[in-house]
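Here are my notes on the model you sent over. Have it open while you go through the points.

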Amino acid sequence: MRTTTGWQAAGPATLRRTSLERRDLRPDDLAVRVDYCGVCHTDLHALGAHDQDAKSPLVPGHEFTGTVTATGPEVTAFSVGDGVAVGNIIDSCGACAMCEAGQENFCHSFPTLTYGGTDRHDGTTTLGGYSREYVVREAFAYALPAGLDPAAAAPLMCAGVTVWEPLHALGVGPGSRVAVAGLGGLGHLAVKMAVALGATTTVISRTGDKRDDARRLGAHALVESTDSRQMDAARDTFDVIIDTVSAPHDLAPYLKLVAMDGTLSIVGHLGPVGIEAMDLLVGRKKLSSAGSGGRPATAEMLRFCAAHGIVADVEVLPSAQVETALDRLGRNDVRYRFVLDMSDLD
Ligand code: NAP
Ligand code: ZN
């Protein structure tokens, strides 16, 4: 076993620095020194849901960049010293129809999650990127494109790919009318990507507080979801809405904004949804969802972001301030992603 240091849940809002074990390298594994790890709202959900009496520890973190420090004997794509990026899935069966289609994120036997997942070989619970070292199969590590700032690129690996896949799958391009609901970590990357794809892009936010930011990110307009006049004026106007809102919410007001034959894709809060079929019937509207990305789409997303200079707007904190980051994220006090600098774990 290899030993590293990381931040382990000790309560819904408490993490303690502790030593962690990483497996010895398998033939196709990389050891990665984690340099930067993004703080995703999913980490907050996971900490809130974690049972402190559970046998398995919780170490969050599923969007990170780092440097290869060792390679197994069968590794071909990476060498020691290479910059890499790792996202929220780190393995899959590799044999089902989804994996064969390059949609490992939909693996029939469930993709292995970067934290809180179950290792397919030894049955251990995976521990995430809030740590100094991670061990990962090379197939689920991606070369970090030169020119992308490693701290600001880390959030591309969860927030970025999660919004990239639906934008891409729904055919967003020049002439598309896209709205992004919720301007947070996922939302601000969705805006940057939709704009770069050539779409006319609108932000749907609870207030007008982020109007200047929305414009700076390239959005053409901001609609306040709490203002019925603005919502009425936007009725039937978007081909695609990417809903990144992190809390349970009524979908009906957002469906009303979808244009004829358009799609509302919910990627934020995932749970039971209640809708009136009539809200789909009128305008033949579609409700969809997406999560994470397959390996080809993840690599393509990184290429696209490198070509268009897209990274997250980040506030980088030493990893020792992880509780501050989580607390402020929970209060919507970040524009637009916290990233932890892991070098203080040495
Ligand atoms: P975030 O940075 O906190 O952003 C969420 C945004 O949602 C906020 O900025 C806010 O936007 C809006 N919002 C928050 N509470 C709201 C409420 N009560 N009503 C309406 N709007 C509200 O979170 P994130 O990291 O982007 O994650 C967003 C969601 O996606 C989380 O639930 C996360 O678990 C989920 N997620 C899913 C996947 C997947 O695979 N599908 C991957 C990653 C994350 P405004 O201030 O603009 O209103
Ligand atoms: Zn995430």
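1. Start at Ile-241, which sits opposite Leu-264 in S14. Strand S13 (residues 238-243) and strand S14 (residues 258-266) run parallel and share 5 bridges. On terms: two strands pair if DSSP finds at least two bridges between them, while helices (H or I, at least four residues) and strands (E, at least two) are DSSP runs numbered from the N terminus.

2. A word on ground rules. The model is predicted, with local features needing pLDDT of at least 70 and side-chain atom pairs counting only at pLDDT 80 or more, whereas totals for chains, interfaces and linings use all residues. Residues are numbered from 1 along each chain as its sequence is written, chains are lettered from A and ligands numbered from 1 in the order in which they are written, and side-chain values use heavy atoms, with hydrogens and water left out.

3. Now the whole sheet. It is open, has 6 strands with parallel pairing, and its order is S12-S11-S10-S13-S14-S15. Strand S12 (221-224) and strand S15 (286-289) are the edges; each has a single partner strand, so one side of each lacks a neighbour in the sheet. From one strand to the next the twist averages 20° (axes are lines fitted to C-alpha atoms, for helices over the stretch in contact, and angles run from 0 to 180 degrees between N-to-C directions).

4. S1 and S2 form it with 2 residues between them. Strand S1 (residues 2-11) and strand S2 (residues 14-22) are antiparallel and joined by 9 bridges, with Trp-7 opposite Arg-17 in S2.

5. What surrounds ligand 1? The shell holds 28 residues, the closest being His-41, Thr-42, Ser-205, Lys-210 and Arg-337 (near means a heavy atom within 4 Å). They divide into 10 nonpolar, 15 polar and 3 charged; here Ala, Val, Leu, Ile, Met, Phe, Trp, Tyr, Cys and Pro count as nonpolar, Asp, Glu, Lys and Arg as charged, and the others, Gly among them, as polar.

6. Some distances to check on screen: an oxygen atom of ligand 1 is 2.5 Å from an N or O atom in the side chain of Ser-205, and one is 3.0 Å from an N or O atom in the side chain of Asn-332. A polar backbone atom of Leu-186 is 2.8 Å from an oxygen atom of ligand 1. Taken alone ligand 1 exposes 930 Å², and the protein buries 87% of that (Shrake-Rupley areas, 1.4 Å probe; for residues, only the protein chains shown count as cover).

7. Where does ligand 1 lie? Domain 1 (2-158 + 312-345) and domain 2 (160-289) both give residues to its shell, so ligand 1 lies between them; the bounds come from an automatic or database domain assignment. Helix H1 (41-49) and helix H5 (185-196) are the elements giving two or more residues, and H1 gives the most, with 3 residues.

Key: Polar contact = N/O pair within 3.5 Å; in protein donor to acceptor, adjacent residues only side chain to side chain.
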